[in-house]
Amino acid sequence: MPELPEVENNRRYLAPNVLHKKITEIEVLKPKIVKQNSQFGQQLKGLHFTSLKRRAKLLIFETNDSNTFVLGHLGMTGVFLFNEANFESRQESDIYEDPNSIYRHARLIYHFVDGSQLLFRDMRMFGYNIIATEEEKNQATAKYGIEPGLANYTWENFQTIFNNRKTSIKSLLLNQNVIAGLGNIYADEVLFLSKVHPKRLVHSINETEKKALFKNVSEVLMEAIQRGGEISYSPSEEEEEASHLYVYGRTGQACKVCQSVIEKTKVAGRGTHFCCLCQKAH
Ligand SMILES: [Zn+2]
């Protein structure tokens, strides 16, 4: 599943390619992706994107109409791809299943005036592209909590997220309304680096551990963004397993710090990887 670094990577890859070009046509191949909005194409035709921003995992396309935005979410398997003009013709009807085609799992295609295209690919179709007014856009972004990289990510704000919580620390780190940006992979990595067992209850986390968490949440995400995320989004490459991770996906392998075996359990309904020697359970 794309996490924040992958979404940010997708944003950085797209922005130089899709801005300031008039949208001439939109092909909605799967109406579910636009939440059954039959006017989706008509509402955007003739406009152009003026900037591409991100809040948590939501991509926000601004247009030259100040009250029209496109909110894009990658869901489980979504990704935006830019297609140069005449990159590939679509003669074959099975092209949407062809593993070598850029159109594989394409659900939505924006056509620009210069012949280039913006594709939204999404095998499992949990992602979406929706049109929003400014007010709707503000409502959608207001629900997210403090976010590394934004001005609201301060030590003062970070301390308050621990107040009156009865959940596990992992559950807290995954709660996007409290702290935006950490998915399952990075939550496990942050907890390992902070030497905190994922099942620990929030109220048991001491000051030193909070400081470590504050630092590691930000560092893990920023490093992952620099690296481009864990998943490659170039059209031909499949998902790669990342070798730099400490615990995620390393069940049964040796801990890189203490050589103990990395274990897997379930916390907050999610597969959770940890080292029982490095991460304190109390
Ligand atoms: Zn260890």
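Domain bounds in this text come from an automatic or database domain assignment. For this protein, that assignment gives domain 1 (4-142) and domain 2 (155-274). Before we walk through them, two notes on reading the model. Residues are numbered from 1 along each chain as its sequence is written. The model is predicted, so local features need pLDDT of at least 70 and side-chain atom pairs count only at pLDDT 80 or more, while totals for chains, interfaces and linings use all residues.

Let us start with how the domains meet. The centres of domain 1 and domain 2, taken over C-alpha atoms, are separated by 30 Å. Their contact takes eleven residues from domain 1 and twelve residues from domain 2; two residues are in contact if their C-beta atoms, placed from the backbone, lie within 7 Å. On the side of domain 1 that touches domain 2, the elements giving two or more residues are α1 (4-18) and β5 (78-83). These labels follow DSSP runs, numbered from the N terminus: helices are H or I with at least four residues, and strands are E with at least two. The largest share of that side, seven residues, comes from α1.

Now look at a sheet in which β5 takes part. Four strands form an open sheet in the order β1-β6-β7-β5, with antiparallel pairing; two strands pair if DSSP finds at least two bridges between them. The edge strands are β1 and β5, each pairing on one side only. Inside the sheet, strand β6 (residues 106-112) is joined to strand β1 (residues 23-28) by five bridges. Five bridges also link β6 with strand β7 (residues 117-122). Follow Leu108 in β6 to see both links: Leu108 is the bridge partner of Val28, and in β7 the bridge partner of Leu108 is Phe120. Another such pair is Tyr110 with Leu118 in β7. Where β6 and β7 form a hairpin, four residues lie between them, and Gly115 in the turn has a positive phi of about 95°. Strand β6 is mostly covered, with five of its seven residues buried. A residue is buried if 20 or more other C-beta atoms lie within 10 Å of its own, exposed if 12 or fewer, and partly exposed in between, with C-beta atoms placed from the backbone.

There is another open sheet to find, with four strands in the order β2-β3-β4-β8 and antiparallel pairing. Here β2 (49-55) and β8 (128-132) stand at the edges with a single partner strand each, so one side of each has no neighbour in the sheet. Strand β3 (residues 58-63) and strand β4 (residues 69-73) run antiparallel and are joined by five bridges. One example to trace is Ile60, whose bridge partner in β4 is Leu71. Helix α1 packs on this sheet, touching β2 and β3. Helix α1 also lies across β5 and β7.

Finally, turn to the largest nonpolar core, which has 56 residues. A nonpolar core is a set of buried Ala, Val, Leu, Ile, Met, Phe, Trp, Tyr and Cys residues joined through C-beta atoms within 7 Å. Helix α6 (residues 184-193) gives the most to this core, with seven residues. Both domain 1 (4-142) and domain 2 (155-274) give residues to the core, so it lies between them. Leu173 is among the residues with the most contacts inside the core. Not counting residues up to four places away in sequence, Leu173 touches Ile179, Leu182, Ala187 and Val190.

Definitions and conventions: Axes are lines fitted to C-alpha atoms, for helices over the stretch in contact, and angles run from 0 to 180 degrees between N-to-C directions.
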